[in-house]
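Work through the exercises below with the sequence and the model open. Each task is followed by a solution in steps.

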Amino acid sequence: MGYRTLVVKRRVEEIPPHQLARFLEVQERFRQWATEWYKSGFKTPMPEQNPLKYFAKELKYAMKLIPVNGLKNGIWKVPLPFDAEMRLDKNAGDNSRGVLVDLVESRDGKQKEKAIKIRKWSGERGNTIVIRLRRTEIKWIEERLREGAQLKFALAWMGKRRNSNIATFNVALIFYREVTPYQPKRLLVVDVNALHNGIVIATIEEDKVLQKGILRPDLGRIGRSEREIARLDSLCSTKGGAYCRKAVETKSRLWRLWRQWSIEAVKKIVKLAVQYRAAVVVDEPMDESIRGLKKGDRVKSNVKKYLNVGRLVKRLRELAEWHGVPYAELRLYSTICPRCGAKMEELPNRRMRCQCGFEAQRDEVPIHWAQKRFREILPPFFHRDALRSTPLSTFYLT
């Protein structure tokens with residue numbers, strides 16, 4: 001089963017103030033109950049009154065699909081979970097589920113805006129939050145429907161954007177479709193390191209490298225944006241006003257630039273995997289090593305931002321599963337020699353050299369490890385489901 005998620009974000013100013021205040025109250029009450037439920041080992045009694053009773057029931061269902069990633073500062077910041085449905089035809093009925101994605105184009109001859117209608121959240125009849133869908137969001141939904149997907153359920157929450165004080169109202173629509181992973185004949189190795197070094201990919205079959213390349217972001221454009229942000233932040237601190245707004249806008253553009261690059265990179269990787277009937281094997285740096293680099297002095301402060309590879313890997317995992325591409329995350333070494341197993345010396349320009357004579361670019365060493373372990377890595381894809389990706393990331397429960 002493959003899952004994909006559309007997160008619809010709106011500024012809180014777009015939600016009527018009385019609904020926003022009530023939503024925050026319900027969200028806080030539900031998180032308090034959910035936190036106690038979590039701490040008790042899921043033994044705390046279910047709420048007896050709606051809307052908490054409704055959300056508790058939906059949360060138990062959602063947890064079958066969403067892994068639990070624990071408390072943050074002592075609180076389980078769980079979104080409000082909803083059952084959901086779509087309406088594509090004006091003659092279709094309404095099953096009164098918590099979230100209705102209404103894509104009916106017209107009614108009674110009048111043009112009608114497509115929207116998400118959020119119901120059951122307040123425990124009061126008729127208190128519906130309506131979010132009008134944008135053209136890009138409608139296009140994304142229609143593409144999933146053409147692929148045979150169905151709307152499974154929805155999540156809603158209010159929070160702040162990452163690294164920003166801007167509050168947003170968010171709705172996540174989770175779509176799924178049945179898909180059977182194919183049996184791979186090859187491995188597509190993906191080395192994910194600091195993003196400014198690019199993503200090295202190679203398709204291998206035994207000792208043969210059938211395809212190899214590197215996917216790089218536009219560092220020139222990114223650098224110009226970062227310098228402009230630094231300039232605007234400096235002016236914001238002294239003059240405020242318009243400079244602060246421009247700084248926020250430029251940061252948003254930079255974030256969208258990174259996001260679009262990661263989306264396109266992931267699409268290329270999955271397309272290659274399907275073309276070569278290969279399993280995607282990601283050599284992702286260990287969480288502990290990444291955290292150490294971020295906190296330590298070995299890496300310059302202006303480089304540390306390029307170590308945030310988790311979201312790209314999550315996107316790749318999700319898209320691979322959606323297309324039935326076998327997927328696994330394995331540790332393939334970049335500093336240990338694949339020939340003799342000794343620790344290698346790092347030369348200038350990111351080259352690694354071993355005393356046994358082996359030498360390669362650091363980002364290509366994992367490819368040699370995958371070749372060496374080809375007969376060990378490939379067979380498990382035929383015999384177990386453990387290498388299939390987790391249906392949904394824990395992002396929505398943080």
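**Exercise 1. Compare the span of helix α8 (residues 310–322) with its expected span, then state how far the helix is covered.**

Solution. Helices (H or I, at least four residues) and strands (E, at least two) are DSSP runs, numbered from the N terminus. The expected span of a helix is 1.5 Å times one less than its number of residues. Helix α8 has 13 residues, and its first and last C-alpha atoms are 18 Å apart, close to the 18 Å expected.

Next, cover. Buried means under 20% relative accessible area, exposed over 50%, and partly exposed in between (1.4 Å probe, protein chains only). By this rule α8 is mostly covered, with 10 of its 13 residues buried. Among them are Leu 312, Val 313, Leu 316 and Trp 322, as well as the charged Lys 314 and Arg 317. Just after α8, Gly 324 has a positive phi of about 70 degrees.

The model is predicted: local features need pLDDT of at least 70, side-chain atom pairs count only at pLDDT 80 or more, and totals for chains, interfaces and linings use all residues. Residues are numbered from 1 along each chain as its sequence is written, and side-chain values use heavy atoms, with hydrogens and water left out.

**Exercise 2. Locate the salt bridges of Asp 102 and Glu 205.**

Solution. Asp 102 pairs with Arg 87, with closest N and O atoms 2.9 Å apart. This pair links strand β3 (residues 99–102), which holds Asp 102, to strand β2 (residues 80–87), which holds Arg 87, 15 residues away. Asp 102 and Arg 87 are both buried.

Glu 205 pairs with Arg 186 at 3.2 Å between the closest N and O atoms. Glu 205 lies in strand β11 (residues 199–205) and Arg 186 in strand β10 (residues 186–192), so parts 19 residues apart in sequence are tied together. Glu 205 is partly exposed, at 27% relative accessibility. Salt bridges that share partners also join Arg 22, Glu 25 and Glu 124 into one network.

**Exercise 3. Where do Phe 42, Ser 96 and Pro 51 lie, and what is the backbone geometry at each?**

Solution. Phe 42 is in the loop between α1 and α2. Its phi is near 65 degrees, a positive value in a residue other than glycine. Phe 42 is partly exposed, at 36% relative accessibility.

Ser 96 sits in the loop between β2 and β3. Ser 96 is not a glycine, yet its phi is positive, about 60 degrees. Its relative accessible area of 43% makes Ser 96 partly exposed.

Pro 51 lies in the loop between α1 (17–39) and α2 (52–62). The peptide bond from Asn 50 to Pro 51 is cis, with omega near 10 degrees.

Methods: Salt bridge = Lys/Arg side-chain N within 4 Å of Asp/Glu carboxyl O.
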